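Please read this briefing with the structure open beside it.

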Amino acid sequence: MREALEREGAPADILQCLTRVNIAMSQAVMARADLVIATGGQAMVRAAYSSGTPAYGVGAGNATMIIDETADVADAARNTRLSKTSDFGSGCSADGNLVIEASVFDRMVAQLEREGGYLASAAETAALRRVMWDADGHRRPDTVAIAAPRLAAAAGFTIPADRTFLIVRGDGIGADHPWSGEKLTTLLAVYRYEGFDQALAMMRAIYEVGGKGHSCGIYSFDPDHIHRLALAAPVSRIMVRQPQSKANAGAFNNGMPMTSSLGCGTWGGNVVSENVHLKHYMNTTWVSSPIAEDRPPDGELFGEFYDPALEAEPAVAAP
C-alpha cells in the first residue's frame, strides 16, 4: 500500500503500521495521533479513551434477526445467506441468530437449506461446539472466518462442497449457551418463537449475552412489529428486510453512511451510536451571525410548570 501511494505521488508515510505489535507501542501510537478509531474490542476501546487523544470506539456485534409470520421467506433466506457468507461470517454484522415465528419456522429452515445452508444434527452440533469454544468458553481462533466445509471438517464430519454456511438449533439463551453469542464464522443458530412478545423477550436475552448497542434486523411487513422492535431493541441500527452485514455498513438503497466502523452508543461503551464515517474525521468551524429571534413563549416551553409570577420584575423600594 505504501508503494502504491508513492507511485501516485503521495508521501508513503501517510500510511504507517506497527510491524511488532505490543501494548506499549499501541499506546504510544494512540498518544501521538490526532484522532483514534478503536475497533478491537472493549479493551482496545478503553485504552483509546484513556490515551489522552480524542477517540471514537466501536463495539462487538451479535446480529439477531426476527422473521415473523408476514415475512417473505425466500427473500429472508437469500438475504441471510448473503449476510452470513460475506467474508466467511467474520463481520460483527453477520447474522448470528435467527428468531423465527413457529408458523414459518420449518419453511424458513428448508429455504435456508435451498440457499446453501447445512442443518447440523444433534451430534454434529455438539462436535461444532467443541471446536468453536474451549472448556472455559473462550472462542477458538482457528475456526473463526473459515468456509463451512472446513468448519465441518474441523468438527470431524463432512458436508457437501456446495454448502456455504452451517445451521444449528439454539439450545437456549444465556451465558451458558454459546450458540446465543457471537459466532464470527459461517454458522448461525435458529430459534423458534410463538407470539411477538416472546420474540422480543428472546431478542433482549440474546443481547444480554453480547452485542448490545450494535444491530439487529427484522423480516416483516407488519408496521407494528417493526415499531415495537425499534422501541425494545438495545441497538443503534435496525435493518428491515435487508442483508444485515451489507446493509448495516451502508448501501445505496438504505441511506446508512458507508463505513466498517459501527458505533454502539452507551449500550456498548462507545461515545457514538452512529456509523463512524467521513464527518467524524473532520473538524467543523461554525460561524454564527445574528438572525431574527425564533423563540416560543415561555408558557409553551414549560407547560404546566410555567409560573408567570416568577418572571415578574422584583419591586424596587422607594428611596
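In the residue classes used here, Ala, Val, Leu, Ile, Met, Phe, Trp, Tyr, Cys and Pro count as nonpolar, while Asp, Glu, Lys and Arg count as charged. The others, Gly among them, count as polar. By these classes, the lining of the largest cavity holds four nonpolar, four polar and three charged residues. The model is predicted.

**Cavity**

- The whole structure has one cavity of 30 Å³ or more.
- The volume of the largest cavity is about 50 Å³.
- Its lining is made by Asn62, Ala63, Lys84, Gly89, Gly91, Cys92, Ala94, Gly96, Glu182, Lys183 and Leu184.
- Lys84, Glu182 and Lys183 belong to this lining, and Lys and Glu are classed as charged.

**Largest pocket**

- The largest pocket holds about 480 Å³ of space.
- Its lining has 14 residues. Nearest the centre are Gln16, Cys17, Leu18, Val29 and Met30.
- Helix H2 (23-32) and strand E1 (36-38) each give at least two residues to this lining.
- By class, the lining of the largest pocket has eleven nonpolar residues, two polar and one charged.

**Second largest pocket**

- The second largest pocket holds about 380 Å³ of space.
- It is lined by 22 residues. Closest to its centre are Gly91, Cys92, Ser93, His214 and Ser260.
- The classes here are six nonpolar, 14 polar and two charged.
- Gly91 and Cys92 line the second largest pocket, and both residues also line the largest cavity.

**Ala24 in helix H2**

- Ala24 sits in helix H2.
- Is Ala24 buried or exposed? Its relative accessibility is 52%, so Ala24 counts as exposed; the cut-off for exposed is over 50%.
- Ala24 and Gly41 are 17 residues apart along the chain. Their C-alpha atoms are separated by 17 Å.

**Salt bridges**

- How many salt bridges does the structure hold? There are ten.
- Asp197 pairs with Arg228, with the closest N and O atoms 2.3 Å apart. This pair links distant parts of the chain: Asp197 lies in helix H8 (residues 196-209) and Arg228 in helix H9 (residues 223-232), 31 residues apart.
- Asp197 counts as exposed because its relative accessibility is 55%. Arg228 is partly exposed, with a relative accessible area of 26%.
- Asp197 and Arg228 also belong to a network of salt bridges with Asp224.
- Arg163 forms a salt bridge with Asp162, and the closest N and O atoms are 3.1 Å apart.
- Why does Arg163 count as buried? Its relative accessibility is 17%, and buried means under 20%.
- Glu274 and Lys279 meet through their side chains in a salt bridge of 2.9 Å, N to O.
- Both partners are partly exposed: Glu274 has a relative accessible area of 34%, and Lys279 has a relative accessibility of 46%.

**Nonpolar surface patch**

- Which residues make the nonpolar surface patch of about 350 Å²? Leu278, Tyr281 and Met282 make it.
- Leu278 lies in the loop between helix H10 (244-247) and helix H11 (298-302).
- At 59% relative accessibility, Leu278 is over the 50% cut-off and so counts as exposed.

**Positive phi values**

- Most residues other than glycine have a negative phi.
- Phe88 has a positive phi, near 55°. Its place is the loop between helix H4 (73-85) and strand E4 (97-101).
- Phe88 has a relative accessible area of 43%, so it is partly exposed.
- Leu184 also has a positive phi, near 60°. The loop between strand E6 (165-169) and strand E7 (187-193) holds Leu184.
- Leu184 is partly exposed, with a relative accessible area of 24%. This residue is also one of those lining the largest cavity.

Definitions and conventions: Residues are numbered from 1 along each chain as its sequence is written. This is a predicted model: local features need pLDDT of at least 70, side-chain atom pairs count only at pLDDT 80 or more; totals for chains, interfaces and linings use all residues. Side-chain values use heavy atoms; hydrogens and water are left out. On a 1 Å grid over the protein atoms alone, a cavity is a set of points where a 1.4 Å probe fits but cannot get out, and a pocket is an open set with protein on both sides within 12 Å along at least five of seven lines; lining residues have an atom within 4 Å of a point. Grid points are joined across faces, edges and corners, and a volume is the space filled by probe spheres set on the points. Helices (H or I, at least four residues) and strands (E, at least two) are DSSP runs, numbered from the N terminus. Buried means under 20% relative accessible area, exposed over 50%, partly exposed in between (1.4 Å probe, protein chains only). A salt bridge is a side-chain nitrogen of Lys or Arg within 4 Å of a carboxyl oxygen of Asp or Glu. Patches are made of residues with over 30% relative accessible area and no salt bridge: like charges are joined within 9 Å, nonpolar side chains (Val, Leu, Ile, Met, Phe, Trp, Tyr) within 5 Å. Accessible areas come from the Shrake-Rupley method with a 1.4 Å probe; for residues, only the protein chains shown count as cover.
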